[in-house]
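Please read them with the structure open.

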Amino acid sequence: MSSDSYRRHPTAGARVRRVFLTVTLLGSAAFAIPAVVGPTHAAAISATPYYLSLGDSLSVGVQPNKSGVDYRTSAGYANDLYALERVSSAEAGLTLKKLGCPGETTTSMVTGGICGYKAGSQLAEAVLFLKTHTVNFVTIDIGANDIDNCVVGLSIDPTCIANGIATVETNLPVILTTLETAAPGVPIYAMNYYDPFLAAWLIGTSGEPLAVESACLTTGFDYPTACPLPAGFDGILGTIYGAFSVPVADVATAFDTNNFTLDSNTGLPQNVTNICRDTWECYPPPRGNNIHANANGYALIANTFGATIGNL
């Protein structure tokens, strides 16, 4: 995520998770797996056990400062999950290593170009780390930023979204294959995305259709009519992760993304109330209109991961 308003950036991940519109349903696809990237030399392995966090801005805990400028924090879901796992882990001395990159796409994670890594890319750096350290488990959130710049005002470009999804379907299997090859047997856990575009509801009658469409296209929820993307973007991610037996923390459900029942306390749909509570979307300027989770939202993501991971 970068400092982004939902009007400017459709995804969320390092802009996190955006609305995901596609007019053509991309069903089960055969994933082409190019050559594995990253260092392959043998190296001494450190004894300290690690939790390795990979992904986009959510993975590094980006939030806006008082001036509305995004920055990396120690109050993201990886930090919260690390605190949970330190308590429950059988391994003493568990240490957190965050390699995520704000704004990272599935392409840049493989090739580099956004954040600086000695190994050249986040994926190559992760491979090197896995080969030289004792890693208890890995978490990853990636893909939202591939659906970037697809929303202009209150309109969504379906061709842009379709192209982004196709890119994720090509690159994410490469990323997972590379990680699993580098460290066979090390558990990997992923997450799907909440829907910050629900905050468009606050604009009024002109914004409500976008909020409804975004829920449909994020999760495949049929509201008020059949969704043109039954699986939603989260479902597409789930299919890919499932092919690699990677458990997925259901963040979309934790945020109650499909619940348009009116909240008696706020008069807003429950999912809109939750987005306003758990992200920076509904805050006043200069921090507002920002898709990143706040401390409460990051804690919710961490707890969802924790329930998915269980006892290691």
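1. **Overall make-up.** This is a predicted model. The protein has nine helices and 11 strands. Of its 312 residues, 56% count as buried. Take the contacts between residues at least 6 apart in sequence: 72% of them join residues at least 24 apart.

2. **Nonpolar core.** In soluble globular proteins, nonpolar side chains tend to be buried together. Here the largest nonpolar core has 78 residues. Tyr77 and Ile301 have the most contacts inside this core. Helix H4, residues 158–182, gives the most to the core, with nine residues.

3. **Around Ile301.** Neighbours within four places in sequence are left aside here. Ile301 is then in contact with Tyr77, Met191, Tyr194, Val251, Phe255 and Ala293.

4. **Aromatic pairs: Tyr77 and Phe305.** A pair of aromatic rings is described by the distance of the centres and the angle of the planes. The whole structure holds eight aromatic pairs. One of them is Tyr77 with Phe305, which is stacked, at 5.2 Å centre to centre and 25° between the planes. This pair links distant parts of the chain. Tyr77 sits in helix H1 (residues 77–88) and Phe305 in helix H9 (residues 295–309), 228 residues apart. Both Tyr77 and Phe305 are buried.

5. **Aromatic pairs: Trp201 and Phe260.** Trp201 and Phe260 form a tilted pair, with 6.0 Å between centres and 45° between planes. This pair, too, links distant parts of the chain, 59 residues apart. Trp201 is in the loop between strand S8 (188–191) and helix H5 (208–219). Phe260 is in the loop between helix H7 (251–254) and helix H8 (270–278). Phe260 is buried because its relative accessible area is 11%. Elsewhere, Tyr51, Phe137 and Tyr189 form one aromatic cluster.

6. **Helices H5 and H6.** Two packed helices are described by the angle between their axes and the distance between the axes. H5 and helix H6 (residues 232–243) pack at about 10°, with axes 2 Å apart. H5 is therefore roughly parallel to H6. On the H5 side the contact uses Cys216, Leu217, Thr218 and Thr219. On the H6 side it uses Gly232, Phe233 and Asp234. The residues of this contact divide into three nonpolar, three polar and one charged.

7. **Ala215.** Ala215 is also in helix H5. It counts as buried because its relative accessibility is 0%. Residues up to four places away in sequence are not counted in what follows. Ala215 touches Asp195, Leu198, Gly220, Phe221, Thr257, Asn258 and Phe260. The C-alpha atoms of Ala215 and Phe260 are separated by 9.6 Å, and the two residues are 45 apart along the chain.

8. **Backbone points to check.** Most residues other than glycine have a negative phi, and most peptide bonds are trans. Pro285 and Pro286 are joined by a cis peptide bond, with omega about 5°. Pro286 lies in the loop between strand S10 (279–280) and strand S11 (290–293). Ser245 has a positive phi, near 55°. Ser245 is in the loop between H6 and strand S9 (248–249), and is exposed, with a relative accessible area of 66%. Asp256 has a positive phi of about 60°. Asp256 lies in the loop between H7 and H8, and is partly exposed at 29%.

Conventions
Residues are numbered from 1 along each chain as its sequence is written. This is a predicted model: local features need pLDDT of at least 70, side-chain atom pairs count only at pLDDT 80 or more; totals for chains, interfaces and linings use all residues. Side-chain values use heavy atoms; hydrogens and water are left out. A nonpolar core is a set of buried Ala, Val, Leu, Ile, Met, Phe, Trp, Tyr and Cys residues joined through side-chain atoms within 4.5 Å. Buried means under 20% relative accessible area, exposed over 50%, partly exposed in between (1.4 Å probe, protein chains only). Helices (H or I, at least four residues) and strands (E, at least two) are DSSP runs, numbered from the N terminus. Contact means heavy atoms within 4.5 Å. Rings of Phe, Tyr and Trp (its six-membered ring) pair if their centres lie within 6.5 Å; planes under 30 degrees apart count as stacked, over 60 as edge-to-face and the rest as tilted. Axes are lines fitted to C-alpha atoms, for helices over the stretch in contact, and angles run from 0 to 180 degrees between N-to-C directions. Angles under 35 degrees count as roughly parallel, over 145 as roughly antiparallel, 65 to 115 as roughly perpendicular and the rest as oblique. Ala, Val, Leu, Ile, Met, Phe, Trp, Tyr, Cys and Pro count as nonpolar, Asp, Glu, Lys and Arg as charged, and the others, Gly among them, as polar.
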